[in-house]
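Visitor: I'd like to go through this one with you. Can we take it piece by piece?

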Amino acid sequence: MTTIDRARCRLRAHPFALDAALAAGVLVCMVAGSFVEPHGPEGVRWGLRTPDPLSLVLMALGATALVFRRRAPRTVLALAGGASVAESVTGDPRTPVAMCAVVALYTLASTTDRSTTWRIGLLTMTVLTGAAMAVGPLPWYAQENLAIFAWTGIGATAGDAVRSRRAFVQAIRERAERAERTREEEARRRVAEERLRIARDLHDVVAHHIALVNVQAGVAAHVMDKRPDQAKEALAHVREASRSALGELRATVGLLRQSGDPEAPTEPAPGLDLLDELAGTFRSAGLRVEVTRADEGADLPAAVDLAAYRIIQEALTNVQKHAGTDARAEVSVVRVGPHIEITVLDDGTGEDLDRTPGGGHGLLGMRERVTALRGTLTTGPRYGGGFRVHAILPVEPRAPAAPDDSP
């Protein structure tokens, strides 16, 4: 911070002292100007003269009023204007008392609105100039009378310009603050959305693999004594499912690492190209799964591809958990125009059929994924038993609305 900036800060911290210093400076200027003789016997001539005592009193009164110009600008303007009118009527030659009125008018214009500045400025100019022209000792066309009109106009204009600049700077500052708040709110919103997305991924991964581990562990415990080979195979499936769960968890949690943390895994997110492997994990757990695809050659966006995989994974996990041991699931992936339709059906007859959105977070997570992609999701029981999950996801981005050319 420079010396000038520090001085400005100190003056702004003590406005009363600044006004007192300004009033003293104006008083010195008026007193110095009062010793000048603008008129001589041979025309315009400059010389020294002694001011009248009344003029000195009016100058002191106007300067004293300026000390309170910030606290009561209208009152100060009235006092300074009255002193100027009195000097214009009685003083010959005239002393520059009108300087107090000009400063007071500037202060009022810089602290009020434009309409008020126009009204009070025109009134001040009319009163001071009219009084000097009408009842003053000088001719109405005298240079001093026209100077009063010009200086009062300059004071009002300068004050209005300062007020406009302050308002402009304040508007820019408020706009910058609003923009900063908007950026912070947008950042918080994106962080919340990212956390929600990661939470959905974690739920899908954990629910799927833990369900498989649970089923295979139950099979191993059931056949451990009589068929150890089958139990060994079930435990191998448990190990494979747990390894896959750990890998996907590591990849998902890697998104939360900071820049200084160890490097996160770079495996791509799962998609429909891994659908056969996904179905195979469920078949190894004892669930009969049939997959039908009519989307060959479809180039899906990464978000749509991941959402389709997660929807099928969650739907089959629900079948595994709720549909019963003899359930059969059918998965259908079909490309229909600009959309891809995913259908998961089961014929489960198990007693645990609480697969409504209020029964857990699986269907809720599916609905949030579909909604985020502007798709539609339909879930519910099937006629005759079982459950149906049907999702429609847009493959191509929506075209922007055509502009309205109507007049």
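This is a predicted model: local features need pLDDT of at least 70, side-chain atom pairs count only at pLDDT 80 or more; totals for chains, interfaces and linings use all residues.

Visitor: Where does R369 lie?

Guide: R369 lies in helix 11. Helices here are DSSP runs of H or I with at least four residues, strands are runs of E with at least two, and both are numbered from the N terminus. Residues are numbered from 1 along each chain as its sequence is written, and side-chain values use heavy atoms, with hydrogens and water left out.

Visitor: Is R369 buried or exposed?

Guide: R369 counts as buried, because its relative accessibility is 7%. Buried means under 20% relative accessible area, exposed means over 50%, and partly exposed is in between, using a 1.4 Å probe and protein chains only.

Visitor: Which residues is R369 in contact with?

Guide: R200, D201, D204, L306 and R310, leaving aside neighbours within four places in sequence. Contact means heavy atoms within 4.5 Å.

Visitor: Let's zoom out. How many helices and strands does the protein chain have?

Guide: The chain comes to 11 helices and 7 strands. Of its 407 residues, 36% are buried. Take the contacts between residues at least 6 apart in sequence: 69% of them join residues at least 24 apart.

Visitor: What about helix 10, how many residues has it?

Guide: Helix 10 covers residues 302-322, which is 21 residues. From first C-alpha to last, helix 10 reaches 30 Å, close to the 30 Å expected. The expected span is 1.5 Å times one less than the number of residues.

Visitor: How many residues of helix 10 are buried?

Guide: 18 of the 21, so helix 10 is mostly covered. After helix 10 comes G324, with a positive phi near 105°.

Visitor: And the largest nonpolar core, which residues touch the most other members?

Guide: I312, L316, I340, V389 and L393, out of 37 residues in that core. A nonpolar core is a set of buried Ala, Val, Leu, Ile, Met, Phe, Trp, Tyr and Cys residues joined through side-chain atoms within 4.5 Å. Several elements supply at least two residues each, among them helix 9 (275-284), helix 11 (362-372) and strand 7 (387-394). Helix 10 gives the most, with 9 residues.

Visitor: What does V389 touch?

Guide: Its partners include I311, A315, I342, M366 and L377, not counting residues up to four places away in sequence. There is also a second, separate core of 26 residues, which includes A23, A98, A101 and L108.

Visitor: On to strands. How many bridges join strand 4 to strand 5?

Guide: 8 bridges, and the two strands run antiparallel. Two strands pair if DSSP finds at least two bridges between them. E330 has L345 in strand 5 as its bridge partner. The hairpin of strand 4 and strand 5 has 2 residues between the strands, and there G337 takes a positive phi near 60°.

Visitor: How is strand 5 joined to strand 7?

Guide: By 8 bridges, again with the strands antiparallel. H339 stands opposite P394 in strand 7.

Visitor: Why is strand 5 largely enclosed by the rest of the structure?

Guide: Because 6 of its 8 residues are buried.

Visitor: How many disulfides are there?

Guide: The structure holds 0. A disulfide is a pair of cysteine sulfur atoms within 2.5 Å. As for cysteines, C29 is partly exposed at 44% relative accessible area, whereas C100 is buried at 0%.

Visitor: Loops next. Where is V67 found?

Guide: V67 sits in the loop between helix 3 (53-66) and helix 4 (73-90). V67 is buried, with a relative accessible area of 16%. V67 is in contact with F16, D19, A20 and A23, leaving aside neighbours within four places in sequence. The C-alpha atoms of V67 and L22 are 7.7 Å apart, though 45 residues separate them along the chain.

Visitor: And R374, buried or exposed?

Guide: R374 counts as exposed, at 59% relative accessibility. R374 lies in the loop between helix 11 and strand 6 (376-381). Phi of R374 is near 65°, a positive value in a residue other than glycine.

Visitor: Last one. What does UniProt list for residues 169-196?

Guide: The unreviewed UniProt entry lists "coiled-coil region" there. UniProt positions follow the numbering used here, feature names are shortened, and annotations may be inferred rather than shown by experiment. In the model, residues 169-196 are 100% helix and 0% strand, with the end C-alpha atoms 41 Å apart.
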